[in-house]
Amino acid sequence: MASVTLDKVNKVFGHTPIIKDVDLDIGDGEFVVFVGPSGCGKSTLLRLIAGLESISDGELSIAGQVVNDLPPRERGVGMVFQSYALYPHMTVYENMAFGLKLAKTAKETIHERVMATARILQLEELLERKPKALSGGQRQRVAMGRAMAREPRILLFDEPLSNLDASLRVQMRNEIARLHQRLGSTMIYVTHDQVEAMTLADKIVVLNAGRVEQVGTPHELYQRPATRFVAGFIGSPTMNFLPATLVTGNDAGCRVRAAGIGELALPQDTAQQVAGEALTLGVRPEHLRLAEAAGDNAFEIVNVEYLGNEVYVYLEPKAGETLLIHRSEAPSPWRVGQKVALVPDPEQVHLFDAGDRALGVATARAVA
């Protein structure tokens, strides 16, 4: 196991900055997931740690040693790629042993490590097969085994489940989680799928345009997002956002008015932060209740999705670019074409300022 520390790390391709002043600490044995939209720099950051890309500026340390100039083979990392990259003419055993042979490891040691890794990944019955005789999930396990057999200090995963179908992804997520529990190795995992991030990680690093937006546990990122970007990216379905305006503000607190909802009263400490600001109110689909339409607070239901145990109700917004979503347990009384009013859970409201930063205590109480 080993810790990883990034201190003001930057990566520039030509004149284009890709990774921008990243500071990050990854502890021994942690399972850390880099997550973000396509092009945010998460795979580039992983390749910097692996040594497959050079750092333009800043320092990268592994187990307290600066490794900026060390080649990949001397960093003690193993990497599993999105493509399995298995040698088709080799058996499973030969694929897993290949890296050790290149390192001129003794034959007895190679056999011990391959067999031990095969037991962990339940590949013992497949060692004589070639990749064409394996399923997608089995090939991915072989790719993982090839990296593990080298006994690296850190295991790196670059979107390893992207090529699998939905059921296999769920199965492999569970296998990777159990693998981490058994090995206790430091693991860094890249994905654009926030469900993978939430289910696997001890700690999530949310990246946006080459910068770290927020670092925290899945619970922290879901319950207390630091920015509107994190609030919208973490959670499925995404958080609903509505424009809000400051109505009154004084030492006792303030009131804001949100489009289609009405007025909410805010705590005093939040009021001091938002005076004079344009605001955005955020509320997750499960914290939004629907009621019979009353007055101007009416939204039309444009779609109802039945998912077995729950229902998603999509509402046409009066302002904004995306539909609003309500989630509840099935069955649902709501139908397409109905007019409804929005009633947020007052203890689960999030507020963001004009710079899309979360504001202090992001809870409010409904004004009677």
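This is a predicted model: local features need pLDDT of at least 70, side-chain atom pairs count only at pLDDT 80 or more; totals for chains, interfaces and linings use all residues.
**Figure 1. At 23% relative accessibility, Arg113 counts as partly exposed.** Residues are numbered from 1 along each chain as its sequence is written, and side-chain values use heavy atoms, with hydrogens and water left out. Which residue does the side chain of Arg113 meet in a salt bridge? The partner is Glu151, with 3.7 Å from N to O. A salt bridge here is a side-chain nitrogen of Lys or Arg within 4 Å of a carboxyl oxygen of Asp or Glu. Arg113 belongs to helix H3 (residues 107-121), and Glu151 to the loop between helix H4 (136-148) and strand S7 (154-158), so the bridge ties together parts 38 residues apart in sequence. Helices (H or I, at least four residues) and strands (E, at least two) are DSSP runs, numbered from the N terminus. Glu151 is exposed, and its relative accessible area is 55%.

**Figure 2. A salt bridge joins the side chains of Glu175 and Arg141.** Look for the N to O distance of 3.5 Å in this pair. The two residues come from distant parts of the chain, since Glu175 sits in helix H5 (residues 166-183) and Arg141 in helix H4, 34 residues apart. Are Glu175 and Arg141 buried or exposed? Glu175 counts as buried at 18% relative accessibility, and Arg141 is buried too, with a relative accessible area of 9%.

**Figure 3. Glu30 pairs with Lys203 in a salt bridge.** The closest N and O atoms of Glu30 and Lys203 are 3.2 Å apart. Here again distant parts of the chain are linked: Glu30 is in the loop between strand S2 (16-26) and strand S3 (31-35), whereas Lys203 is in strand S9 (residues 203-208), 173 residues apart. Lys203 counts as buried, at 16% relative accessibility. In total, the structure holds nine salt bridges.

**Figure 4. Helix H3 packs on helix H4 at an angle of about 140 degrees.** Two packed helices are described by the angle between their axes and the distance between the axes. For H3 and H4, the axes lie 10 Å apart. The axes are lines fitted to C-alpha atoms, for helices over the stretch in contact, and angles run from 0 to 180 degrees between N-to-C directions. Which residues make the contact? From H3 come Thr117, Ile120 and Leu121, and from H4 come Arg141, Met144, Gly145 and Met148. These contact residues divide into four nonpolar, two polar and one charged. Contact means heavy atoms within 4.5 Å. Ala, Val, Leu, Ile, Met, Phe, Trp, Tyr, Cys and Pro count as nonpolar, Asp, Glu, Lys and Arg as charged, and the others, Gly among them, as polar.

**Figure 5. Helix H2 (residues 92-102) also packs on H4.** The angle between H2 and H4 is about 35 degrees, and their axes are 7 Å apart. Val92, Asn95 and Met96 of H2 meet Val142, Gly145 and Arg146 of H4. Sorted by type, the contact has three nonpolar residues, two polar and one charged.

**Figure 6. Helix H1 (residues 42-50) is mostly covered.** How many of the nine residues of H1 are buried? Seven of them are, namely Lys42, Thr44, Leu45, Leu46, Leu48, Ile49 and Ala50. After H1 comes Gly51, with a positive phi near 90 degrees.

**Figure 7. Ala63 and Glu159 each have a positive phi without being glycine.** Most residues other than glycine have a negative phi, and most peptide bonds are trans. The phi of Ala63 is about 55 degrees. Ala63 is placed in the loop between strand S4 (57-62) and strand S5 (65-66), and is partly exposed with a relative accessible area of 45%. Phi of Glu159 is near 45 degrees. Glu159 is found in the loop between S7 and H5, where this residue is buried with a relative accessible area of 13%.

**Figure 8. A cis peptide bond joins Ser236 and Pro237, and another runs from Ala330 to Pro331.** Pro237 lies in the loop between helix H8 (228-233) and strand S11 (240-250). For the bond from Ala330 to Pro331, omega is near -5 degrees. Where does Pro331 lie? Pro331 is in the loop between strand S18 (324-329) and strand S19 (339-344).

Note on methods. Buried means under 20% relative accessible area, exposed over 50%, partly exposed in between (1.4 Å probe, protein chains only).
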